Amino acid sequence: MISMTIDGRKIAGADTYDVVNPALGAVFASAPDCREAQLEEAMAAASTAFRNWRSEEAPRREALTRAAEIVAAHADELGRLVTQEQGKTLVNAVREVNGAAGRFRYAAGLEIPTDIVHDRDALRVEVWRRPYGVVAAITPWNYPVISAAGKIAAAVRAGNTVVLKPSPFTPLATLRLGELLREVFPPGVINVISGGDELGKAMIKHPAVRKVSFTGSIDAGKHIFAAAAPDLKRTTLELGGNDAAIVLDDVDPAAIAPRLFWGAFQNSGQVCSAIKRLYVHERVYEPLAAALTELARTVRVGDGLDPASELGPVSTEPQLRRVEELVADAKAAGGRIRVGGARTGSRGYFFAPTVFEDLPDHARLVSEEQFGPALPLLRFTDVDDAIERANATQYGLSGSLWSGSTERARALASRLDCGTVWINQHLVVVPAAPTGGHKWSGIGVENGAEGLLEFTQVQAVSLLRS
Ligand code: NAD
């Protein structure tokens, strides 16, 4: 069995839990279930390792560079685990792992700034960036490896140590990542444990933790924020989204349809920043709706390990039930299904790519995050109205504007209340771009120089020259 990593050692769980392959709808492996005593060991190891790890930058850069090489060298192995436990196609799983290697490489090259904010007469004031100490990192099931890598890379580059827990639905690739990183980082710098939500709660409460880095649902994010408050633990939250894409009247529908389709249906819609509401100007509505319907009808859905598959299953049984529930609600709310609308396949958690239209904005498929392969199309005639509807939500992760004129779309970008705005694209992610949510979609950012700074605290050092 793939083991946990605590203090640089291989730790098997005394207890285990089942891991399901969503393409089969059946258990295919098991994972260690971390006990309380093992959590204590992980926290103690991370606390001890912090004493040395915090001081020298060169070993941190070297370890991150080596981590990038090792992860890239194991991209196929890690990718297969991701496909089996999460469902996405092998091509996309390997891409995720290579993206994770890129996060390590990028962090190795980042500078931690020291600013001189005053230097006059005898007084000089420098602003340093110091690490916090032990970081509790908790990740979701949709992109397990790149989520873990992004947190680990920035946290350790800044000089922190990490105790990381993946989602109980997708623990395997992350545990294997921990095994690989044992060769690279000193004992205790990176600890990977696995278990359910209760283990996550125990991590947040633990007194050794000074910083929480969480990616997951808004509900869990709110609980975590409250649980971190009594100890004033610093908290970065990357939460759910309900991204609007707004298509203006001057686009070429045939040209943009594939980009819009994959912006919505990538990873079967299970992307925090996928297009989850598509607002289309009435002038281009029908040709665009027809093109998207055709793409949804012809895309090949199947087991991610089958090279012919372009989309895998929904990742978990509860998520499949949620998609079914929202689709049933959308039907009841008067929505019309252009394509899809039901489960497919004789086994596994497959759901046909679904396109809805004629839904009111208050239908749950429009107002809530569906996180699955069902997309509502919404008409508009006035762009001001479309922007208002896009913003009329507590979500604020990202959004996109689509126009034949990049400048026309750019001029509207600042009016979208969200952390990322894409123009004529959606879901294009680079490590240098800080990502974070407005409103309920999060607090703080990940990635980029700003994401690194989230793992540091300011120390102003004031020197009086004698
Ligand atoms: P989830 O919140 O159910 O679980 C995420 C992780 O948190 C898991 O490891 C889980 O065990 C743990 N957890 C749950 N409750 C906890 C608690 N009270 N205390 C501590 N840990 C707890 O989310 P999920 O279903 O795994 O992921 C899907 C959600 O994640 C979607 O809403 C998606 O939009 C969001 N997401 C956001 C981003 C982003 O960058 N903003 C990226 C990926 C996914």
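Axes here are lines fitted to C-alpha atoms, for helices over the stretch in contact, and angles run from 0 to 180 degrees between N-to-C directions. The model is predicted.

**Helix packing**

Helix 4 takes part in two helix pairs, as tabulated here.

| Pair | Crossing angle | Axis separation |
|---|---|---|
| Helix 3 (residues 75-86) and helix 4 (residues 90-109) | about 125 degrees | 8 Å apart |
| Helix 4 and helix 5 (residues 144-157) | roughly 10 degrees | within 8 Å |

Angles under 35 degrees count as roughly parallel, so helix 4 is roughly parallel to helix 5. On the helix 4 side, the residues that meet helix 5 include Ala-100, Arg-103, Phe-104 and Ala-107. Their partners in helix 5 include Val-145, Ile-146, Ile-152 and Arg-157. By class, this contact has 12 nonpolar, two polar and three charged residues.

Helix 3 and helix 4 are oblique to each other. Their crossing is right-handed. Helix 3 contributes Leu-78, Arg-80 and Val-82, among others. Helix 4 contributes residues including Leu-90, Val-94 and Asn-98. The contact of helix 3 with helix 4 divides into seven nonpolar, three polar and three charged residues.

**Cysteines**

How many disulfides does the count give? The count is zero. A disulfide needs two cysteine sulfur atoms within 2.5 Å. For Cys-272, the closest cysteine sulfur belongs to Cys-418 and lies 13 Å away, so the gap is too far for a bond.

Is Cys-34 buried or exposed? Buried means under 20% relative accessible area. Cys-34 has 10% relative accessibility, so Cys-34 counts as buried. Cys-272, at 32%, counts as partly exposed.

Key: Residues numbered from 1 in each chain as written. Predicted model: local features only at pLDDT ≥ 70, side-chain atom pairs only at ≥ 80, totals over all residues. Heavy atoms only, no water. Buried < 20%, exposed > 50% of the residue type's maximum accessible area, 1.4 Å probe, protein only. Helix = DSSP H or I, 4+ residues; strand = E, 2+ residues; numbered from the N terminus. Parallel < 35°, antiparallel > 145°, perpendicular 65-115°, else oblique. Left-handed = near helix turned anticlockwise from the far one by under 90°. Contact = heavy atoms within 4.5 Å. Nonpolar A, V, L, I, M, F, W, Y, C, P; charged D, E, K, R; others polar.
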